[in-house]
Amino acid sequence: SGPGSFAARPGFDIAPQSGKVVAAINVQPLHSYFKRLFQYYPDLRPLSRFVPPEALEKLSGYLSLNGEDLLEGGAGISYWSTQPEAQEIYQNVYSLAQTPVGEGIATMVPAKDTFAVISLRVDPYYLLSNLVADSMERGDRELIESNLRREAARGFEHDSLTGVLRDLASRVGDHAMVAVGRLSSEFDQIEHEEIYSEHPKARPVAAVMVRIKEGANQAELDEYMAKIVPIMGFESDLEKVEYGDYTYSATRLTTELLDYAYASPCFVLANGYLVLTTNEAYMRLVLDAIAAPRSATLANDPTFQVTMGAVPEKGQVGIFIDLEKATRIPSSTRDGAGPPGTRGILWDRRNDWVQIEKDTREEAIRYRAQLHKERGRPRTAEEEDAIDELVSARMSIWEQDLYRGFEEEYRIWIEQWRRFRGIGLVLGADAETINAHFSLVFREGEEWLRWTK
C-alpha cells in the first residue's frame, strides 16, 4: 500500500471488499498473448468481435464465493476508445442501449433440449459480416459467391455476398438471439461400433431469432427467402407446414450429404421475430415452447434461473451455457453408449474425438516402423508382404476391437466437467470501460463419478 504501490496507480480499483477477493491487472503487456490465442484457437475468434484484445488497458475485478455452489465474478476493463478496432466495436455494439439478456429468448425456447443461449444487441450488418468471416470456410464462401453470380445472371439483384448481407441487415433490427440445442430423440439412438461409423454427425441444432422491421409478413418473407436459399445450396421451392397456430416454411439441401443429414432449415415470423432454425424438428420444439406455459421454457429452468440470477439483468451481450446438459455421459461404455437421457453434446462428439486423437494413419505408420525395426534390414519381398498383412490386421483391431476402449477414455475425460452446472456471462460497456460479470454454478456429482469417491 501507499502512494508508490501498484494499487495506487491511476485506473485501478482494488479497495478491499467484504467477502470478496479483489485483483487488478495491467493488460497492456498481454496483447501479444491475446493475439496468439485467437490465432491458435480460431473458435474463440468471435469473442474478439465484442472485446477488442489489442485495445484493452487495465482490469479491476473481484471473485466471490456465494455459498458452496456459486462463484461470482466481475471486472471493469478500460480500453483505448480511439483504437480503430475498439471504435468499430463501440459503434456497432456498445453504443446501443443495453437490453434484458435473460427474458426474450429464454421464454421462446424449450428447456429440455436447449443447452446454450446468446442474447446480442448489435448492428445487424456487423453481426452478419463477422459471422461469415469467422465461421465460413473459404471454400464454402467461394461456392456461395459462385452461386450468387449464377443467380445474378438470372436477374437476382445482388452479385456479391456483401450485397446480400447488407440487404438482409436492412430488413431486421439490432436485437438478435441464438439458442443451441441437441435433438435428444434422434441423437440418443446413435451407436458407433467402430471408428469410421456410417452414421450422420450429431451436430448441434440452432435457432436464430432476430427482431424484424415492423410491417413485415410471412408472404413477403417467403418471397425474399426463396431468392436467398438457392445461394446457400438449398432448394428454392419452400414447403409450407402448418403446426399449431403457426405456418412455417421449410427447405432442403439440393443434394443429400451424410454429414448434413440433420440440416433442414425452417423459418417463421413469431412474436415480432424472424425465427430461423437449422432443423425442422427443433423448429417444432421452439413453436411448442412459444405456445406452451412458461414452465416448459428455458426461462423457468432452475439452472437458468440460478445462473442468470447472479449476473446483471441488462447488457449488450448475454451468454448462458447449461454445463450439466452439455456434459451428460453414461456411467460406463462397456455395454454400449448407455441408455437415452445420459448423453450431452460433448458425448455426441465422441466419434469425432476418436478419429482425431486415435488417428488410424498415424497408428499404421507407427506400427509399421516398429515391425521394420524388429526385423531389421535387408528384407525380402515376402517379408514386406507379411508386414503388410500384420499392419492390416492391426488396423482392423484398432478401428473395431479397441473402439469401445477409446470411447471410455473420452468418457473419463468428460467426467471432470460434471462438477459444473451452469455458467453465465453479461457484457455491458460505454465508450471507456467494458463491464463483465460472470457466474459459475457447481453441482453434486453422480455417485459413479471418479472425483466423488
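Guide: Welcome! In this predicted model, the second largest pocket has a lining of 14 residues, and those nearest its centre are Arg171, Ala216, Glu220, Leu221 and Tyr224. Its volume is about 220 Å³.

Visitor: Which helix gives the most to the lining of the second largest pocket?

Guide: That is helix 7, residues 218-228, with five residues. By class, the whole lining has eight nonpolar, one polar and five charged residues.

Visitor: Why is Asp167 called buried?

Guide: Buried means under 20% relative accessible area. Asp167 has 14%, so it is buried. You will find Asp167 in helix 5, residues 161-169.

Visitor: What makes the pair Asp167 and His158 a polar contact?

Guide: The cut-off is 3.5 Å between N or O atoms, one able to donate a hydrogen and the other to accept it. The side chains of Asp167 and His158 are joined at 3.1 Å, so the distance passes. Leaving out residues up to four places away in sequence, Asp167 touches Glu157, His158 and Tyr224.

Visitor: What is phi of Asn271 near?

Guide: Phi of Asn271 is near 55°, a positive value. Most residues other than glycine have a negative phi.

Visitor: What is the peptide bond from Arg377 to Pro378, cis or trans?

Guide: This bond is cis, with omega near -5°. Pro378 is in the loop between helix 13 (360-375) and helix 14 (381-401).

Technical notes
Residues are numbered from 1 along each chain as its sequence is written. This is a predicted model: local features need pLDDT of at least 70, side-chain atom pairs count only at pLDDT 80 or more; totals for chains, interfaces and linings use all residues. Side-chain values use heavy atoms; hydrogens and water are left out. On a 1 Å grid over the protein atoms alone, a cavity is a set of points where a 1.4 Å probe fits but cannot get out, and a pocket is an open set with protein on both sides within 12 Å along at least five of seven lines; lining residues have an atom within 4 Å of a point. Grid points are joined across faces, edges and corners, and a volume is the space filled by probe spheres set on the points. Helices (H or I, at least four residues) and strands (E, at least two) are DSSP runs, numbered from the N terminus. Ala, Val, Leu, Ile, Met, Phe, Trp, Tyr, Cys and Pro count as nonpolar, Asp, Glu, Lys and Arg as charged, and the others, Gly among them, as polar. Buried means under 20% relative accessible area, exposed over 50%, partly exposed in between (1.4 Å probe, protein chains only). Contact means heavy atoms within 4.5 Å.
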